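Open the model in your viewer and keep the selection tool at hand. Follow the stops in order.

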Amino acid sequence: MIKKIYLFAIFTIITTTAALAQEQTIDIHFNALGFLDNREYKAFIPRSRTYSGMRTELDLGWNIDSLNHFVFGANGIHEFGAKPYFLKVNPVAYYNFTGKSWLFYAGAFPREGLLDDYPRAILNDTLRYYRPNIEGLLARVHNEHFTETGWIDWVSRQTQTDREQFLFGFSGKYKPSVKGPFYVSHYFMLMHDAGAEIAVPNDNIRDNGAGQIRLGLDFSHKTFLDSLSVEAGGMMSLERVRGVDGFHKPAGFVANVYLSYHKFALFDEFYKGQGHEITYGDSWFEKKTYNRMDIIWTPFLYNRVKGQFILSFHQTPGFRMSNQEAFRITVDLGRKTLIRMKN
């Protein structure tokens, strides 16, 4: 794997040098996410809260050619009612290689469009609000039959007081027949959680993560519905404290169905098995039986603006039904060329 990364880096340098003789451009990009997400969790009273705020990102891109790009900017969040105005501003600074069958990112780059298809059981949906960037590396290879993505995301750099933490994972999808409905998908993530430089007694290295394998059928545009897909498979998590115990490997069954028609959609997700404790996963999967149903209405989808309401119902034995109401609006103006340069 390391040799492949070095070979890819050498190839990138060669293509970048050759590209310097071609036309280069400077462009600008703006996008925003507004969210109001109210959660009334009967099974998790301390986690019943409302997330509300606005994220805005502005960046400049230097396009050496159609393959090689450098992007620099910032992504800030303001939570409604909070002081100071910006809770946090995340830097955006990365290199991107976009080839016919390869995609490569290095730096601090947006998560959206790259890892947002992960099941909430493995990577929860609040990461979209509070951790919009991946800080590390991502590589993707794809063709008409399959897609495979590998990545590493550095969460915390080790200092005398800060822990060393990073996530890494891979995901993919395979379709034996391009026009057929059947496919296989998989997702995996593991967090490495080590201590600070100054050791603390009984503070051991921890590993925590999860994976899913699913079989799916996609009947989109083959019925009167716009979209129709069904998936079922298995899930397993990995949890251990090094030097104390081995891996705990709780497992279970997962299934979901998604359908949409014009402005309305329905998503239902079911889990049955052993409870999981996944640090970056959805807390509902601590339960042995869980069902979530999302009723989705997209009242406006105009050009580069999308507004969406989601009403969610969470069910688990022994508790009254929990509910969640969310509204999200996204704006993405795309990349606009500012300057063209010729050598």
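The tour below goes from strands to core to rings.

This is a predicted model, in which local features need pLDDT of at least 70, side-chain atom pairs count only at pLDDT 80 or more, and totals for chains, interfaces and linings use all residues. Residues are numbered from 1 along each chain as its sequence is written, and side-chain values use heavy atoms, with hydrogens and water left out.

**Stop 1: strands**

Select residues 68–79, strand β3. Strands here are DSSP runs of E, at least two residues long, and helices are runs of H or I, at least four, numbered from the N terminus. β3 runs antiparallel to β4, joined by 10 bridges; strands pair if DSSP finds at least two bridges between them. Find V71: Y94 in β4 stands opposite.

A hairpin of 3 residues joins them. Y95 faces A106 of β5 across the pairing.

**Stop 2: the core**

Next, select Y118, L123, L138, W151, M189 and M235. These have the most contacts inside the largest nonpolar core, which has 32 residues. Such a core is a set of buried Ala, Val, Leu, Ile, Met, Phe, Trp, Tyr and Cys residues joined through side-chain atoms within 4.5 Å. Buried means under 20% relative accessible area, exposed over 50%, partly exposed in between (1.4 Å probe, protein chains only).

Center on M235. What is M235 in contact with, beyond its neighbours within four places in sequence? Its partners include A121, P250, V254, Y271, I278 and F285. Contact means heavy atoms within 4.5 Å.

Another core lies apart, with 5 residues, among them L33, F35, Y51 and I77.

**Stop 3: rings**

The structure holds 24 aromatic pairs. Rings of Phe, Tyr and Trp (its six-membered ring) pair if their centres lie within 6.5 Å; planes under 30 degrees apart are stacked, over 60 edge-to-face, the rest tilted.

Select F44 and W284. F44 sits in the loop between β1 and β2, and W284 in the loop between β13 and β14, so the pair ties together parts 240 residues apart in sequence. Both are buried.

Move to Y118 and W151. This pair is edge-to-face too, at 6.0 Å and 85°. Y118 has 6% relative accessibility, so it counts as buried; W151 is buried at 5%.
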